[in-house]
Amino acid sequence: MCGIAGFWGPTSNADGHSALVRRMSNRIAHRGPDGDGVWTDPDAEIALAHRRLSIVDLSPAGAQPMVSACGRYVISFNGEIYNHVDLRSSLGRDQVWRGHSDTEVLLAAIARWGVRRALEQSVGMFAFAVWDRKLRTLALARDRLGEKPLYFGYLQQTFVFASELSAFTAHPEWRGGVNRDSLALLMRHNYIPAPHSIYEGISKLGPGQILTLTKPSDQPHFESYWSASAVAQAGSVSPFTGTPDQAVERLEGLLRQSLQGQMMADVPLGAFLSGGVDSSTVVALMQSMSSCPVKTFTIGFEQKDFNEAEQAKAIARHLGTAHSELYVSEQEARDVIPQLPRYYSEPFADASQIPTYLVSRLAKQHVTVSLSGDGGDELFAGYSRYALAQTLWNRLKPLPRWVRRAVQALATTPSPAVYDAVFGAMPYRLGTRPGDRIHKAAGLLPSASLVELYAGMVSVWGHPTPVIGAGSAPTVLTGRQRELVLSSDVQRLMYLDLVSYLPGDILAKVDRASMAVSLESRVPLLDHRVVEFALSLPSSYLNREGETKWPLRQVLYKYVPQQLIERPKMGFGVPIDGWLRGTLRDWAEDLLAEARLKREGYLDPAPIRRVWAEHLSGRRNMQYHLWPVLMFQEWLSQQGRSDFD
């Protein structure tokens, strides 16, 4: 795991290409504290830089940027190629090797087969830039599922790229204008999905894409070497035809194959363990494949509703892992928040970023690589919202939209507080603050399709976003569904999360949090062979006998008793609700001050102040609306500061 940066084009920097690209890479030094390197060709005006976190081949033979044995290609690579040993054998005995790094193997594969075929043969997570010295072309590529980040764009006549946005701030042509459409996306989704970024003129390379540039002033050419939509379509047309038990057996074999590659490292390795199905399955299989106790890590909170530490400890004890846990105080979590903009480099508002960072920091005290269970919900239909969306749509679609709009108007006439008071006086309870849920559900009534309804369910501020004075959120979710025909509603919703929420939120969260402490995080469930198999399973196999994620659970139950696993799903949350009325109140009040919002000019103070007042009153829990606003405001406050740069 490393950090990469570079540019192609002229520079006004007095110290030349080498000094400038080194300054860019120094801004992301946390991604690679073990070494750094630069490679430049001033005549071609190309510069590559690399920050190294040594994982495989710790010797100088693994240093980057790396030149191919033939001298034609130069690469700056971030990530891991898990099947590099097999690729090394495929490249033949006549290949000359300087060391045993996976980077050298990938570079040799590119020299032998070209970029696309080398990627098709590779299993891993990565983002890289490779320069062809003969043809003078630059190629950027990103792994299939989007585990590793890669930003790119133009600064005047210069093409730039990097693992994180902060690298660009070192370039003399950097201006850093906020993209208001991207800000609207943040307010709607809590993250900014690819290809968008918070800055004007800067984009994210999409998962499974190759970008090729023949001149720095030209528009890049994009191609996909792996497509989630094609895989989902193929799985729907030609689904798995074996029995459910055969599906479980096949899944366990694929997971073991994935772990065999992902447990390979020349440094200490462990795993995050929350006690849920996904992370427990990963740890259980790791322990069954290991000759010594696997190091596992979890975070706990004193608040019972958010504490998974006891569950994780019980599973660790059963499996015999070397378990470490850390109970986090409210103040410790509060102290992390001002650091988040620096770690994430663009505003990001999934509040579980806080415990993710804290558990990464805990793990880093013991290991350099940690495996996680991310991806299980998206691959095996683990989210309850899939079934809820399907049920709602089946009931709504027979009704004319004008009828549904009329019902919406009636349902939203009473305020949420009125509903809370009415239901609060009844002998039975409809949960806490039913008014918020009723208003949210009413907003879904006019939906024109299942996908539109689902997009509304997972949106925060809705569409159009009422807190943005200018700018509108592109229709990211619905736009990715138009040409895709799948066999079930659940598969459609799983696909949407696979190409949007998973890379944009879950994987971005884990990458930035872990790399902030120079920890490599690996995701065994997202081996593309596991993904392709999961997308071929019929929906009846995913939700079976009343259990979601049925195939994954059956693998887990071979190693962990069912009673240790069965409990209500918590997620990896933090009690932001109460914190905003307590420890975080002064911090939030400062960021949400009406005069400040007006002066900055990005957000409309009126709806924000109204929501803040409702939250402080205790009548409504508005943490989900407030957190993206607060994360943008904190990020904005740090722009231009030397400690941020």
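**Notes on the model**

1. With 53% relative accessibility, Y624 counts as exposed (over 50% relative accessible area is exposed, under 20% is buried and in between is partly exposed, with a 1.4 Å probe and protein chains only). Y624 lies in helix α29, residues 623-638 (helices are DSSP runs of H or I with at least four residues, strands are runs of E with at least two, and both are numbered from the N terminus).

2. A word on the basis: this is a predicted model, in which local features need pLDDT of at least 70 and side-chain atom pairs count only at pLDDT 80 or more, while totals for chains, interfaces and linings use all residues. Numbering starts from 1 along each chain as its sequence is written, and side-chain values use heavy atoms, with hydrogens and water left out.

3. What does Y624 touch, leaving aside its neighbours within four places in sequence? Its contacts are N190 and V460 (contact means heavy atoms within 4.5 Å). V460 is 164 residues away from Y624 in sequence, yet their C-alpha atoms are 6.6 Å apart. The side chain of Y624 also makes a polar contact with that of Q623, at 3.0 Å (a pair of N or O atoms within 3.5 Å, one able to donate a hydrogen and the other to accept it within protein; residues adjacent in sequence count only if both atoms are side-chain atoms).

4. Please look next at strand β7 (residues 137-142), where six of six residues are buried. T137, A139 and A141 point one way, and L138, L140 and R142 point the other way. In a regular strand the side chains alternate between the two faces of the sheet.

5. β7 has antiparallel links to β6 (residues 124-132), through six bridges, and to β11 (residues 209-213), through four (strands pair if DSSP finds at least two bridges between them). D132 is bridged to T137, and A139 to T212 in β11. The β6-β7 hairpin has four residues between its strands, and R136 in the turn has a positive phi of about 55°.

6. Elsewhere, five strands form an open parallel sheet in the order β15-β14-β13-β16-β17. β15 (322-328) and β17 (520-522) are at the edges with a single partner strand each, so one side of each lacks a neighbour in the sheet. Neighbouring strands here are turned by 30° against each other on average, direction ignored (axes are lines fitted to C-alpha atoms, for helices over the stretch in contact, and angles run from 0 to 180 degrees between N-to-C directions).
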